[in-house]
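Reader: I am new to this structure. Please show me how to read it, one feature at a time.

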Amino acid sequence: MDGGAPHTAWPSNVPELTTKRLCLRAPLPRDAAALLSILGDPEVTRYHNMPTLTSLAEASAALERLQQRYAVRDTIRWAIDRVEHCEMIGTVGLLRFDFEHRHAEIGYEIARRWWGRGLTPEAAAAVIRYGFSVLGLHRIEAGVLPGNDASVRVLQKLGFLEEGTRRDYLYSKGRFHSFRWFSLLETELSSS
């Protein structure tokens, strides 16, 4: 019995994914300044489980951690570029893989100046399709801190269903946080 292992191997490199307006690619060390401008904005990190970045060194370390987590098959994260520009405007990815039970979580953030343009759901939809069709996932989950209505709208647009609240699920920034929990099954994936 294969224990629900994925039907394809973990990619040797982060694959490039494209949409109408976006190119998703592997984050690179050169992205540290862009990452700092995104995750250095307290409004972007307001509902994030990591602290707001304050230096280029912290941004570089965060990029290095992404590479380490990719190497151990825990996270696959893409830099979000607009097709006509090669500058990272956000990230999107799958994390906390459980290949035995064929599920992972999705996470994303985008620079504030790009909010409200439909870019986050566009990027997330490409990652979701990749997770189901290439990595063999059956379920993709997402946790949203109460009050993060914009993220809830992204998930609802993508077809996620709310399952309930995970009380005091995460300890971050000096206190416990509850999560609204959402999921999407491969059988529910729309053609969007």
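Author: Start with contact, which means heavy atoms within 4.5 Å. Two notes on sources come next. This is a predicted model, in which local features need pLDDT of at least 70, side-chain atom pairs count only at pLDDT 80 or more, and totals for chains, interfaces and linings use all residues. Residues are numbered from 1 along each chain as its sequence is written, and side-chain values use heavy atoms, with hydrogens and water left out.

Reader: Which residues does F176 touch, not counting residues up to four places away in sequence?

Author: F176 touches D168, L170 and Y171. F176 itself is in strand β8 (residues 175-185). Helices (H or I, at least four residues) and strands (E, at least two) are DSSP runs, numbered from the N terminus.

Reader: Is F176 buried or exposed, or in between?

Author: First the cut-offs. Buried means under 20% relative accessible area, exposed over 50%, and partly exposed in between (1.4 Å probe, protein chains only). F176 has 48% relative accessibility, so F176 counts as partly exposed.

Reader: Where is R73, and what is its phi?

Author: R73 sits in the loop between α3 and β3. R73 is not a glycine, yet has a positive phi of about 65 degrees. R73 is partly exposed, at 36% relative accessibility.

Reader: Which residues does Y169 contact, leaving aside neighbours within four places in sequence?

Author: Y169 is in contact with E105, H177, S178, F179 and W181. Y169 lies in strand β7. Its relative accessibility is 40%, so Y169 counts as partly exposed. Now look along the chain: Y169 and R30 are 139 residues apart, and their C-alpha atoms are separated by 34 Å.

Reader: How do I read the length of helix α4?

Author: The expected span of a helix is 1.5 Å times one less than its number of residues. Helix α4 (residues 119-133) has 15 residues. From first C-alpha to last, α4 reaches 21 Å, close to the 21 Å expected. α4 is mostly covered, with 13 of its 15 residues buried.

Reader: How do α1 and α3 cross?

Author: Axes are lines fitted to C-alpha atoms, for helices over the stretch in contact, and angles run from 0 to 180 degrees between N-to-C directions. The axes of α1 (residues 32-39) and α3 (residues 56-71) come within 8 Å and cross at roughly 105 degrees. Angles under 35 degrees count as roughly parallel, over 145 as roughly antiparallel, 65 to 115 as roughly perpendicular and the rest as oblique. So α1 and α3 are roughly perpendicular.

Reader: Which residues meet between α1 and α3?

Author: A32, A33, L35 and L36 in α1 meet L56, A59, S60, A62 and L63 in α3. These contact residues divide into eight nonpolar, one polar and no charged. Ala, Val, Leu, Ile, Met, Phe, Trp, Tyr, Cys and Pro count as nonpolar, Asp, Glu, Lys and Arg as charged, and the others, Gly among them, as polar.

Reader: How many disulfides are there?

Author: A disulfide is a covalent bond between the sulfur atoms of two cysteines. The cut-off is a pair of cysteine sulfur atoms within 2.5 Å. A search of the whole structure finds zero. The sulfur of C23 is 7.2 Å from its closest cysteine sulfur, in C86, too far for a bond. C23 is buried, with a relative accessible area of 15%, whereas C86 is exposed, at 68%.
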